[in-house]
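User: Hi, I have a structure open and I'd like to talk it through. Can you help me read it?

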Amino acid sequence: MIELRGIAFDHRDRPVLEGIDFGLHPGERVALVGPNGAGKTTLLLLLVGLLRPKAGELIAFGRARRSEADFHEVRARVGLLFQDSDDQLFCPTVLEDVAFGPLNLGRSPDEARDEAFRTLSVLGLDGFAERVTHRLSAGEKRLVALATVLAMKPSVLLLDEPTNGLDEATEQRLIAHLSGLDQAMLIVSHDRTFLERLANRAVHLVGGRLSEARLHRHPHTHHHSHLHLHLSQDTEDHHGAAQAEDHRHG
């Protein structure tokens with residue numbers, strides 16, 4: 001569905017991504033992990049054309065994407081949940097925020113309104129439609145922001161820290177909902193329980209390089225399981241410290 005070939009990106013002349021190769025296939029739920037500042041959010045923004053690489057090629061849905069016009073279709077088919085919900089919510093009420101995407105895709109006002117109500121309902125947000133968005137709690141904003149993405153019925157979901165601000169019960173409801181979706185997903189999260197429940201593949205970004213990681217689960221003596229990331233042998237020595245950090249916080 002989406003492929004990156006040799007993608008490089010600099011921020012203020014500082015290399016952030018160097019020679020990134022990556023492919024996202026139908027049905028995959030890929031965990032994108034790495035230390036703070038590694039460029040995970042940058043990579044998501046590149047995928048929808050909000051940032052442009054200095055080198056490399058991005059192919060989405062069978063076509064190379066280079067210009068702003070090329071990314072119009074991509075943004076209609078790829079839903080990006082921003083890390084900060086306030087970057088996603090800009091309308092006075094929840095209903096207007098959630099209906100905005102469907103309207104922008106050409107659906108009628110009635111269709112957009114129906115889709116907004118349906119999406120709010122499946123996320124447990126019945127009764128939120130007329131609430132003032134900026135008065136919501138952080139967790140409520142997070143779910144509404146996700147609703148704005150899901151209401152567009154994208155083919156791919158890019159989720160940047162989706163569980164920020166959620167309590168445990170709400171997180172479990174979110175996991176149950178996302179687990180039932182068919183969309184391919186690329187998920188950035190420091191919430192290892194969330195990734196353990198949802199992801200079926202992982203990649204590790206550190207030092208500007210992306211490598212495949214192997215997921216496995218096993219019990220610890222304190223009777224809960226951890227998600228562990230195992231890098232390929234050729235990068236293991238170079239990134240050992242980062243992997244050890246992932247293990248400690250798994």
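User: Which strands form the open sheet, and in what order?
Analyst: This is a predicted model, where local features need pLDDT of at least 70, side-chain atom pairs count only at pLDDT 80 or more, and totals for chains, interfaces and linings use all residues. Residues are numbered from 1 along each chain as its sequence is written, and side-chain values use heavy atoms, with hydrogens and water left out. The open sheet has four strands in the order β2-β1-β4-β5, with antiparallel pairing. Strands here are DSSP runs of E, at least two residues, and helices are runs of H or I, at least four, numbered from the N terminus. Two strands pair if DSSP finds at least two bridges between them.

User: Which strands stand at the edges?
Analyst: β2 (14–24) and β5 (63–64) do. Each has a single partner strand, so one side of each lacks a neighbour in the sheet.

User: How many bridges does β1 have with β2?
Analyst: Seven, in the antiparallel sense. I7 stands opposite I20 in β2. The two strands form a hairpin with two residues between them. In that turn, R12 has a positive phi of about 50°.

User: And how many with β4?
Analyst: Five bridges join β1 (residues 2–11) to β4 (residues 55–60), again antiparallel. L4 has L58 of β4 as its bridge partner.

User: OK, helices. Where does α1 lie?
Analyst: Helix α1 (residues 40–47) lies across β1, β2 and β4. Its direction is at about 120° to β1. Axes are lines fitted to C-alpha atoms, for helices over the stretch in contact, and angles run from 0 to 180 degrees between N-to-C directions.

User: At what angle do α3 and α4 pack?
Analyst: α3 (residues 94–104) and α4 (residues 109–122) pack at about 120°, their axes 8 Å apart. That makes α3 oblique to α4. Under 35 degrees is roughly parallel, over 145 roughly antiparallel, 65 to 115 roughly perpendicular, and the rest oblique.

User: Which residues make the contact?
Analyst: Among them are V94, L95 and V98 of α3, and A116, F117 and L120 of α4. Contact means heavy atoms within 4.5 Å. By class, there are eleven nonpolar, no polar and two charged residues. Ala, Val, Leu, Ile, Met, Phe, Trp, Tyr, Cys and Pro count as nonpolar, Asp, Glu, Lys and Arg as charged, and the others, Gly among them, as polar.

User: What pLDDT does the chain average?
Analyst: 86, and 86% of the residues score at least 70. pLDDT is the predictor's confidence in each residue, from 0 to 100. Over residues 220–226 it is below 50. Residues 232–250 stay under 50 too. Where pLDDT is low, the predicted coordinates should not be read in detail.
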